[in-house]
Each structure stands twice: as structure tokens, then as C-alpha cells.
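Subject: Structure handover

Hello,

Here is the structure we discussed, for you to look over. My notes on the ligand site and the pockets follow below.

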Amino acid sequence: MCGVVGYIGSKQAAPILIDGLKRLEYRGYDSAGIAVVCGGKIVSDKEVGRLVNLEKLLEANPLEGVCGIGHTRWATHGVPSRANSHPHFSSDGTISVVHNGIIENYSELRDELMAQGHTFLSETDTEVIPHLIEQALADGAMSPAEALRLTLKKLRGAYALGVLFRDEPQSVYCARLGSPLIIGLGENENFIASDVPAIINRISRAIYLNDGEMAVLKADGVEVCTIDGQPVVPEVKEITFEAEAAEHSGFETFMLKEIHEQPRILRALLTKHVSAEGTIQPPAGLSENYFRKLNRIMIVSCGTAYHAGMYGKLLIENLTGIAVETDLASEFRYRDPKIDPGTLIIPVSQSGETADTLASIRMAKEWGCKIFAICNVEGSSVVRESDSVFFTDCGPEIGVASTKAYTAQQMAFALLALCIATARGDLTPEQLKSYLDDLQEIPDAVHYVIQQKDDIRKIGEKHHDGPSSLYIGRRFNYPTALEGALKNKEISYQHAEGYAAGEMKHGPIALINESLPVICICTKTADEVYEKMLSNVKEVEARSGRIIAVATEGDTELCKLSDDVIYVPEVRDEFSPMVNVAALQLLAYYAARARGTDIDKPRNLAKSVTVE
Ligand code: F6R
């Protein structure tokens, strides 16, 4: 949720920390702060609101020093205020901590510490950490590392920590449990960050710290150990994406840039996974034989990734004989889904750090299930905890509203469904070729939709003002309706509902009046539900609803019924959701722009939901 950075080297730390925090601001942004070791003490500045407020403070009063930590906060314990902003300090100011995650037992720890004479200045869970370290040193811990280790053993919950000690001015300590933390390796300088984009412009190699590990960074080296003190030889990974991937690159927002990246990403996934001979290899760790025996799949995910999972279910069910279920990870983990060890679990996650999705994976592993993840972030917790992974290869998704990760997840499911169906003999080589030929058309079709953005903008601007909107679709495009509504509500703050169009008569039709925009996803090919969808559109028309149709080029029916039509190219029904959703992403985008919201950083939301 929050962003953590740290630096040790020979350069001034404060500008590097601020630059890193700017790149992390999308993770959480109600306050920010940094601390730097300087002249025998730790100095710090914090400010509420956007990072620019902290920057102004630092301009007036620069903090000098080559070793520091920084944090952007998304409040969980205590309102956004200077006092609650990180870094937090020990009573004597010699230890400073930034933290991402939640310390579940902070209340009892705080009571114990208060009984020992510690005074707290904030309402946060984090503040117990520097006090615990201070107490461990007072109780006789031999070194900062040992005091940190003793402290970590007392914490219950999740953390990615950066820690400074006044008396070790050439070191940054860090630790991880349940919240991501990477160590970036430079030339005579090293970094910590909760996410690669924070330091992507400064490093090309990184260590992804594992749960239960801590490290001490000096300018010329990094030592990693477990919290039990066992040395660890860390795996150093090359960072494969360019710094530009985390820049605006001339677009007014990250979201608009990421919408535009979709055709390239989809094309690259096809190139990577479909051989020149027109075959799709099973993902590493799974085999044709495994797919032949498989009889149940359970897909678990949250939000947009859940909608991708719904699409995956429809497609795999349609192409294979396998029973597929999908569930919200937050529900799945609290129900009794009667999963047997033969069930393949597919978690879907852009960030790879979503708490509920991770909890579902852990449950399923206890039941003995195989885990095949669809994920975007290398080194993330979902990736580490899964048996096999399909990487969506989108590069960093910075806009809080997921766009490119969604279509890449859909593409992952399309390729997986075709691979499973072929392995099981549900598709002949000729049928596979026909599907793949049609799938190859999708990147261009998405590009075509994006080219229509000026027309879509006018429609978004025309219908943005009402209190609510309704999105309807059927079959493969029922998840598209849900995703279109989610995009709209999260970035424009207009209430929006997605519905299966066949449900209209069971309730939502009561909402229809002349001011309610109803977005009808009604693309036409051989799909048997087109006629049904058309009837639903007519029901809306008969009640004077404002109809915005997403229709196939050449359709002559819908323009008679609709106030506005977004035309998309004709593609195979099964793959149409990837194309149609691009239109809805742009529609939401321009509605949000007309409503003047902060599109990349919508209120109350954070990019990565690492707490339940
Ligand atoms: C919406 C959005 C969220 C995420 C959800 C899961 O635009 O981005 O609904 O899809 O929080 O996140 P990941 O995919 O990181 O597990």
C-alpha cells in the first residue's frame, strides 16, 4: 500500500529518496517523509498531502547526508498527519523506521513498551518498531542487527522495513515479511524499495528479499540473512524493463499511456507463446499429460483480475471438458470450497502482492493443490509461492486503474485455454489454427479501437455528468460489463453497475430513465447471444434510457436504437472482450477527465492491496 525507499552511497540521499518516492507515489499518497543520517544524528522531514508539499519543505530546509530512508503513506492506523507519517523514531531519536504492512499485535506491544517507560507520538502500528529495537539494545542486544532480529521475532503481521541507526551512519537495514521489498544494486551505492519502479532509473540488478529475511546495506556491499541469523546467498536478478517503462513518455497520464501499450503487449505475448509452427507449449511445470488428466480448475483473484478470471472460466469451459470455477479471493479464503488435491488453482494478479489472493494460494497449497499463477511482477510473492507462472510481461503498471494488465491476463487465458484444449484433443490442429489466426488479429483490433479515442472522448464528455451509469453484456462480455463499470467508478467516481443483460428484468430495469446512461456491449458476429442482447437494448430504449452501444462495424441495427455508438472491428466472439474493453477503458478515462478527477491516483485507492 505504502511506498518504501532507502539509499546508501556517496551522493546526497534526500534527492534520491524524493525521486524514488515520486515514482512510488501511486502506491499511497496521503503523506510522506524522509530521514537522513547527518552530523551524528538522524534528521527528518514529513508532510501531509502530496509529495510536492514535502519537496517544498526540503527546498527551504535541505537535509544533508548520504544514507537515508523515505516513505509515502496510505493511512491504515491513524489519520493522515505529520505525527502519523513515517519515518518513526525511538524515544532518543537514534533509530528511525519506515514500514509498509500492518503489525497486528502492535497494541499489546505498545502497552508493554509504555509500561517500560516508552512514550508514543503517533497512532500508528509502526511506531512500536523503533521502540522495540531501542529496548532490545537497552536490554543488552550486542549490535543493531541483533536488536533488529529480536524485534522482528516479536512482530505479528506483515512488514517491509527500512531502518536507520544513528550510530551506524553507513548502513541501511531492511527486512521483509509478507510485504514486498527489493534491494537495488548499484556501483558503490545500494538501494531498498518496495517496488522496482522506484529505482528503475538507477539500477539494473536487484535482490528480491524473501519472507523472513533481513539485510544490511553498505555502499560497497549487501549482506542478507534470515531473521534467525542464518546467512543467505541471495539470487541477483537482472531487471529487464527499461526506465522509460515507468515514465509518462509524452502521455498526459500513466493510464492513457498504458491503454496505448496494449496492442504491443498483446502482440509480444503472442510472439512469445505461439511457435512458428502454430503450437502453444504448456507453461513450465505443467504438461500435456497433466492437462489430459485435469478435471477441475479454480481461479481466484480480486477486482479487475477477478474479471479476467471470469473471462478465463468462460473460455476454458467453452474449449475444454474441464469444470472451471472462479471466485473472489476475499470470499474464497473464508468459504469451504471442497477442493481436492487434483484441482488446479489459478491465482491472477497484476502486482503479485494482493493479500487475499496470497492467502488463497496458501490455503490451496495446504490442500495439496498445484498453483499456476498469471502474474505481472517478477519476484513478487504470488510468483514465489506458485508452482508455475505465466508472466503477463506488461512492464510496470503505474496507473492505479488496471488496463494493460487486464487485457494481458485475458490473452494469458486465451493461450492457456487453447493449449489445454489441444493437449486434451478437444481441438483438432485445424481448429487450433483457426483460433490462433483469429487471436493474432486482436492486437490490431485493439489498436483500431484506441485510434477512435477522439470519438470515444466526445461520448464520454457527453454522458459524464449523471450520478450513475449501467453496463450490460452477456456471455464472454458479461465480465467486460463488470470491468467497464469498475473502471468508470474507480476513476470518475460516478456510481456504475455492471450486469449480465439477462438479469435486467430481475431488478435493474427499474433504474432506467431518460438520464441513465446504459452502456450496452452488443458486438455482433456469429454469437448466439447477439439477438438476446439486442432485445435487452430494445428494453432500455422502450423506457427512454440513454443508450451507448459498443457495436461491430457494419451493424445497422444498433445505431437506430442508440444515442451513441462506439464501433469496434469484427473479431471472433471468444476474443471480443479484449477489444471491447479497450473502448470502455477509454470511455471511463474521458468521463473521468471531464469530471476533473486525479485519474492516475484516484481517491482512497492504492495500486497494491497488501492488507486484507
Ligand atoms: C482495478 C484494479 C484492482 C486490482 C485488484 C487486484 O482497476 O486495479 O481492482 O485489479 O486490486 O490487484 P492485483 O491484480 O494486483 O492482484
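**Ligand site**

The side chain of S349 has an N or O atom 2.6 Å from an oxygen atom of the ligand. Please keep in mind that this is a predicted model. At Q350 the backbone takes part instead: one of its N or O atoms lies 2.6 Å from a ligand oxygen atom. For E490, a side-chain N or O atom is 2.5 Å from an oxygen atom of the ligand. On its own the ligand has 400 Å² of accessible area, and the protein covers 89% of that.

The shell around the ligand holds 13 residues, and S349, Q350, S351, T354 and E490 are the closest. By class, seven of the shell residues are polar, four are nonpolar and two are charged. Two helices, α8 (303-319) and α16 (478-492), each contribute at least two residues to this shell. The top contributor is α8, with three residues.

The largest pocket has a volume of about 730 Å³. It is lined by 41 residues, and those closest to its centre are F241, N376, V377, G395 and P396. The lining divides into 17 charged, 14 nonpolar and ten polar residues. Strand β15 (236-238) and helix α6 (254-273) each supply at least two lining residues. The largest share comes from α6, at three residues.

Regards

Methods:
Residues are numbered from 1 along each chain as its sequence is written. This is a predicted model: local features need pLDDT of at least 70, side-chain atom pairs count only at pLDDT 80 or more; totals for chains, interfaces and linings use all residues. Side-chain values use heavy atoms; hydrogens and water are left out. A residue is near a molecule or strand if one of its heavy atoms lies within 4 Å of it. A polar contact is a pair of N or O atoms within 3.5 Å; within protein, one must be able to donate a hydrogen and the other to accept it, and residues adjacent in sequence count only if both atoms are side-chain atoms. Accessible areas come from the Shrake-Rupley method with a 1.4 Å probe; for residues, only the protein chains shown count as cover. Helices (H or I, at least four residues) and strands (E, at least two) are DSSP runs, numbered from the N terminus. Ala, Val, Leu, Ile, Met, Phe, Trp, Tyr, Cys and Pro count as nonpolar, Asp, Glu, Lys and Arg as charged, and the others, Gly among them, as polar. On a 1 Å grid over the protein atoms alone, a cavity is a set of points where a 1.4 Å probe fits but cannot get out, and a pocket is an open set with protein on both sides within 12 Å along at least five of seven lines; lining residues have an atom within 4 Å of a point. Grid points are joined across faces, edges and corners, and a volume is the space filled by probe spheres set on the points.
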